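Good morning, and thank you for coming.

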Amino acid sequence: MHDGGFMYMAFIFLLAAVVSVPIAQRLGLGSVLGYLLAGAAIGPFALGLVGTDVENIMHFAEFGVVMMLFLVGLELQPSLLWNMRLPILGLGGLQVVVTSSVFCLIGLLMGFEWQTALAVGLILSLSSTAIVLQSMNEKGLMPTEAGQSSFAVLLFQDIAVIPMLALLPLLALTSGQDIIASHGAGLSGWQQGLLVLGVVAGIIIGGRLLIRPLFRIIASTKLREIFTATALLLVIGIALLMEAAGLSAALGTFLAGVVLADSEYRHELEAEIEPFKGLLLGLFFISVGASIDFELLMSMPEVILGLVAILIAVKFVVLITLAKVFKLQSEQQWTFTFALAQGGEFCFVLFSFTSQNNILPASVSAPLVVVVALSMAFTPLLMIINERWVQPLFNRQLTNEQPADVIDDGETQIIIVGFGRFGQIVDRSLTL
């Protein structure tokens, strides 16, 4: 293993991406799986090319998710949220509630305390916004019914992280014990919950009263590089504010994006941040692959792989049931289900949060982090299974059942609007 600092790390990450992603694309595996495999290969538990401090790698790589969620927030105009209220609140809300309840019940049956079971259930109800949106966009599935339903569920999950961060400190295993947040202040559970709500309110109010006027001033300079610097300053500043409060940086920037969604500078912000988001999101996927603890996996393979199977199976059953209840088209039900049957990037954030705040013991959170990472790595494979083996079944069924189109051989009326030079050419062509 070589320890050459930031430049060496950057070289290894970029080399892994440049080598692995084109190969994965050529094999039909998609870029996300290519990034994940590259990360697993160069990670500390395989070749060890990027050192052993996985936590610092993940902290840096999470900036890609921060950028992505800021852009997702920018897309959420109030009119769009209102139009999607049924799938967001209905489909998304039921997915989180039902999935959390099932995992909580499984935890109770396994003998865990109800606080531990509830905390794990809430965290495992989340899916990966980064992987699902990336895979859907690559395959051109976002405009479909499955793509829109997946987006609605992921959107509700991202919003649900806010009350989860407020609720989880109240589930601390030791009653009355002070919780030490990452910013170093000793806070009790209810104080940490109030801190979450206060920071969220501050971002919303500050975005309305301060950020919009700031962008008007910057835009008046007509210097694009200053606008780019201001956009990055906004994202990084909110990320630092959230981390100082012991909260998720990605959550804060998502809220900032929502606040600025109806701003006149929304499109400029998207254009300036998009190039950074793509590269950093690839870095995040590589880091997820690098974070898979193969030593822990090898020490208890049956347990971890069994938990991965349970995670995917539970989500699969819940998602396909909800898809049928909300009457998605048959082929869209399966795409929707295969896409969301995994853990999410916020699971890493919440498991770290619960460990720091004495909510979950390390013996519970450490294996579950590996389970979530493996479930995310399996997602591109599940999408390939759906695309190559499941969807063709519906295409064959439609071909067998759908009657041939009836072609009317009679004369058809044609109206030519305008009879200039082009209209006359059309008229002559039709009368031949």
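This is a predicted model: local features need pLDDT of at least 70, side-chain atom pairs count only at pLDDT 80 or more; totals for chains, interfaces and linings use all residues.

I begin with a cluster: ring pairs join Tyr35, Phe284 and Phe285. Rings of Phe, Tyr and Trp (its six-membered ring) pair if their centres lie within 6.5 Å; planes under 30 degrees apart count as stacked, over 60 as edge-to-face and the rest as tilted.

Residues are numbered from 1 along each chain as its sequence is written, and side-chain values use heavy atoms, with hydrogens and water left out.

How many aromatic pairs does a search of the whole structure find? The search finds six. One of them is formed by tyrosine 35 and phenylalanine 285, a tilted pair with 6.1 Å from centre to centre and 35 degrees between the planes. Tyrosine 35 belongs to helix 2 (residues 31-42) and phenylalanine 285 to helix 12 (residues 266-290), so this pair ties together parts that are 250 residues apart in sequence. Helices (H or I, at least four residues) and strands (E, at least two) are DSSP runs, numbered from the N terminus. Tyrosine 35 and phenylalanine 285 are both buried, where buried means under 20% relative accessible area, exposed over 50% and partly exposed in between (1.4 Å probe, protein chains only).

Phenylalanine 316 and tryptophan 334 also form a tilted aromatic pair, with 5.9 Å between centres and 45 degrees between planes. Here phenylalanine 316 sits in helix 14 (residues 301-325) and tryptophan 334 in helix 15 (residues 330-340), 18 residues apart. Why does tryptophan 334 count as partly exposed? Its relative accessibility is 26%.

Helix 14 and helix 15 pack at an angle of about 150 degrees, with their axes 9 Å apart. Axes are lines fitted to C-alpha atoms, for helices over the stretch in contact, and angles run from 0 to 180 degrees between N-to-C directions. On the helix 14 side, residues making the contact include Phe316, Leu319 and Ala323, and on the helix 15 side they include Trp334, Thr337 and Phe338. Contact means heavy atoms within 4.5 Å.

Helix 14 also meets helix 5 (residues 85-109): their axes come within 10 Å and cross at roughly 140 degrees. Helix 5 and helix 14 are therefore oblique to each other. Among the residues in this contact are Leu91, Val98 and Phe103 of helix 5, and Ile310, Val314 and Leu322 of helix 14.

Next, the cysteines. A search of the whole structure finds zero disulfides, a disulfide being a pair of cysteine sulfur atoms within 2.5 Å. Cysteine 104 counts as buried because its relative accessibility is 14%, and cysteine 347 counts as buried at 0%.

Finally, the chain as a whole. It holds 18 helices and two strands, and buried residues make up 51% of its 432 residues. Helix 11 (residues 249-259) is mostly covered, with ten of its eleven residues buried. Among contacts between residues at least 6 apart in sequence, 79% join residues at least 24 apart.

Note on methods:
Angles under 35 degrees count as roughly parallel, over 145 as roughly antiparallel, 65 to 115 as roughly perpendicular and the rest as oblique.
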